[in-house]
Amino acid sequence: MTSRHSSLPYFQQQPLAGQFPQQPPTSSFLSPNSTAAAAPDHIPLTMRDDTNGFATGTTRSSDSFRQRHFKRPNETDDPFDDVDLSMDYDSKIFKARQRKAIADSKARKRDWRISLALTAWALYIRLWRISQPSSVVFDEVHFGGFASKYIKTRFFMDVHPPLAKMLIALVAKLAGFDGGFDFKDIGKDYIGPGVPYISMRVFCALNGVLTVPIAYWTMRQSGHSVASAVVAALMVCYENGLITNNRHILLDPVLLSFTAATALVWVNFHNQQNRPFQFWWYFWLALTGLGLGLTVSCKWVGLFMIATVGVSTVKNLWEIWGDTRVPVPIFIRHFMARAFCLIVLPITVYMLMFGIHFHSLPNSGEGNGFMSPEFQQTLAGHKLADTPVDIAYGSRVYIRHMATRGGYLHSHPHDYPTGSKQQQVTLYPHRDDNNWWTIYKKDTEQVTGIEYIKHGDIVRLIHNDSNKRLHSHDHRPPMTDLDYHNEVSTYGFPGFDGDANDYWRVEIVDHDKHDPESKDRLRTLHSKFRLVHVLQNCALFSHSVKLPEWGWGQQEVTCIKNGKKPKTMWYIESTENALLPPDTERVNYRRPGFLAKFMELNKVMWDVNKGLTSSHPYDSRPSAWPLLRRGINFWGRDFRHLYLLGNPLVYWMSTASIVIYVAFRAILLLLDKRGIHIQLAGLRKFYDESAGFFLVGWILHYIPFFLMGRQLFLHHYMPALYFSILLFGVVFDFVTVRLVSKKRTIAAVLVVLCVITVYRQFIPITYAEPWTKKECMAHKWRSTWDFDCVQFHDEISQYHGNRIEGNAFGKMQNALKSYFAKDKELPPEVADVVNIVSDAIKAPAAAESSPADAAINDQQSIPSP
């Protein structure tokens, strides 16, 4: 993206020596004397296309002005120590430079004042009554719970990378949270257990606050007017969906702040393209790589930001390669600098975050079952004792499945409700006494000596706890009712010696290459085998299908004909046999290093994320997002409702800007084909670079969701929404470019006022504020908006009554109103308060109200934003 803004450092925009900025073509819709073209907040200048400083990083004395500022000599200074004698200080060029430097300095100071004002106002909008609701909201169930697990150092598994979760946990820890609150249910109260939820929410809200000035600076550094930058920033500030999302313990505020910051530093890098391989060029490039790493370390949605920067990088390198004046070694230097900063650095940051994640969770926890046994061996509290490597008849064994995250072959004293109605056989993810099986020969259960089990042997497996045999027959399983699946059960009773349906053939299909013996005979951990039913010719099988409540939610086990190998393969994890000599070789899992753990966890995250295909009452598809077809129910309680719904005007205007830009660009291309070249007063390339970057950002943050089959929600659109808002700012800048500064400001004020007006319409569901059923129904502008109006009172006065009742300060308020009212009898409640007024003043507010009531009443005096 090429900047044309007057607030940029002078070296980025200066013309060549002896050359003034080109005047706009007379055929353009802007006249050469257009006021907007010379507006102090928007001065587009031509790039130095006839020099090669952009690509090579080399300059000649004839290519640029010396970066030296004239200083009036005084009595103490040498009159010639800062004067370039080769420069004509009376020339028009030098005077233009002076005026430009002064204008740049003023513009920069003005930008800082505006951005600070935007930040202060965004603080008010984002933090207003952030303590309500004082109970768990929507996905605070997950991300608050993860903070608790970090503090307890218990390993867990989540589909998102760890950075944002670790930052939330750090804030919680610093605020005094001990991890004792579990965040399990929406609506669970924070006040009683003393959870520092406000601190955690404030941290997330501050990330949302930062996005507002970042939006302003992104527009300004892209070369656009102050008016367009303020419009874009205030659209971000007053976007109801962003407000609701930013104010709670969620990952999206952190993700969006890093996304926005990365876009800004990338723009800053492009503004240094005339000075490659110098400090600021490297600084902004490296900062972009850091931003990409931090963004993708919050959520994998950050990959879309990497793609956005990647497209821009490829375009940039392609242009450099096409410049035949650039030597190949210089191009290679450009390529290597970008490869290191934009590929190696983000990967390093991403891996570093997982290193911190592993260090923070050293103990066994709820996430164990998702990980391989080797991974679990690295967690404290889940150490598996060394076990004999040899397996002989009569050995007790733990049999573990190779696929579906390795549950154990398991049985318990509960029968199937259908089919044979024999005892259930399942796959269970945890070590348990019901996982023990003893292996015997097919024709006897007597063991007289050590005889190892070999490939091709036919065996019987007896469940130790129930003394029943692993069994299969021609019955359909309870869940997978297919012809090629047979039910697997345990069957037997005292005095019954079993039958041929208990016979299984051991087929070793894989083995540890370091243990050649494990190819021919069964060895603990080293031999991977199938158990094939002799009569039915089906293999013992399990898949990711859960049994209902009668099966305790455990995984179904069947016998499948012609099944895939991974799901029909098993291995023995532990074994016991008293007949084995004491010096028998023992084995254990190999402990993986960091890289192996990193790869495994990311693969598990991918698999689990891909499997989130179940429906949700408030999920939505990407096609519904740009026009705001529906939102998300966050919370409802005490006649209040929190519903994530974006600002409709922001959504619709930003979507319209995308359509307008694409249509306008298509028209220009069609006219170009006919030889009609409209250059827009020399600004066409400028608007194409700026709007094109934001459009690519929107496309790459939006279109990929159409390829996902998992659960999706409106909040997944928020990074794309941010780019569409910036694109609206570009369109606004283009539409108003012919207006004088005052008229452009008026246009910006009108747009902002409209956005604020619509924002205020939905304050009750944005901040969980009082509303009435009638007003709620009136604000269902689209039939698909499904916020629950039944949750509100019929009259707004009912809320005030609830707030004041039982509170000492509320009663004092009634007393004062009654005292000053004319011709009204003093209510008994007020008379009581007047009689004990001195005591009431001394009494602490906590004696009259709950902490929640006190918080609500304290907020009564705060005006609505």
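Okay, ground rules. The model is predicted, so I'm using local features only at pLDDT of at least 70 and side-chain atom pairs only at pLDDT 80 or more, while totals for chains, interfaces and linings use all residues. Numbering runs from 1 along each chain as its sequence is written, and side-chain values use heavy atoms, with hydrogens and water left out.

Let's start with charges. How many salt bridges does a search of the whole structure find? The search gives 35, where a salt bridge means a side-chain nitrogen of Lys or Arg within 4 Å of a carboxyl oxygen of Asp or Glu.

Take Arg590 and Asp512, whose side chains meet at 3.2 Å, N to O. They link distant parts of the chain, 78 residues apart: Arg590 is in the loop between strand 14 (586–587) and helix 14 (594–610), and Asp512 is in the loop between strand 9 (504–511) and strand 10 (527–533). Helices here are DSSP runs of H or I, at least four residues, and strands are runs of E, at least two, numbered from the N terminus. Arg590 is exposed at 56% relative accessible area, whereas Asp512 is buried at 12%. For those words, buried is under 20%, exposed is over 50%, and partly exposed is in between, with a 1.4 Å probe and protein chains only.

Next, Asp688 and Arg665, with their closest N and O atoms 3.0 Å apart. This one joins helix 16 (residues 684–702), which holds Asp688, to helix 15 (residues 648–673), which holds Arg665. Arg665 is partly exposed, at 22%.

Then there's Lys773 with Asp794, at 3.3 Å, N to O. Some salt bridges share partners, too: Asp390, Asp515, Glu517, Arg521, Arg523 and Glu585 end up in one network.

Now keep Arg521 in mind, as we get to rings. Arg521 also lies over the face of Tyr452, 4.1 Å from the ring centre. Likewise, the charged end of Arg431 sits over Tyr398, at 4.2 Å. The cut-offs are NZ of Lys or CZ of Arg within 6 Å of the ring centre and within 35 degrees of the ring normal.

On to aromatic pairs: the structure holds 61. Rings of Phe, Tyr and Trp (its six-membered ring) pair if their centres lie within 6.5 Å, with planes under 30 degrees apart called stacked, over 60 edge-to-face and the rest tilted. Tyr350 and Phe598 have centres 5.8 Å apart and planes at 80°, so they're edge-to-face. Both are buried.

Last one: Phe304, Trp625, Tyr651, Trp698, Tyr702, Phe705, Phe706 and Tyr717 make up one aromatic cluster.
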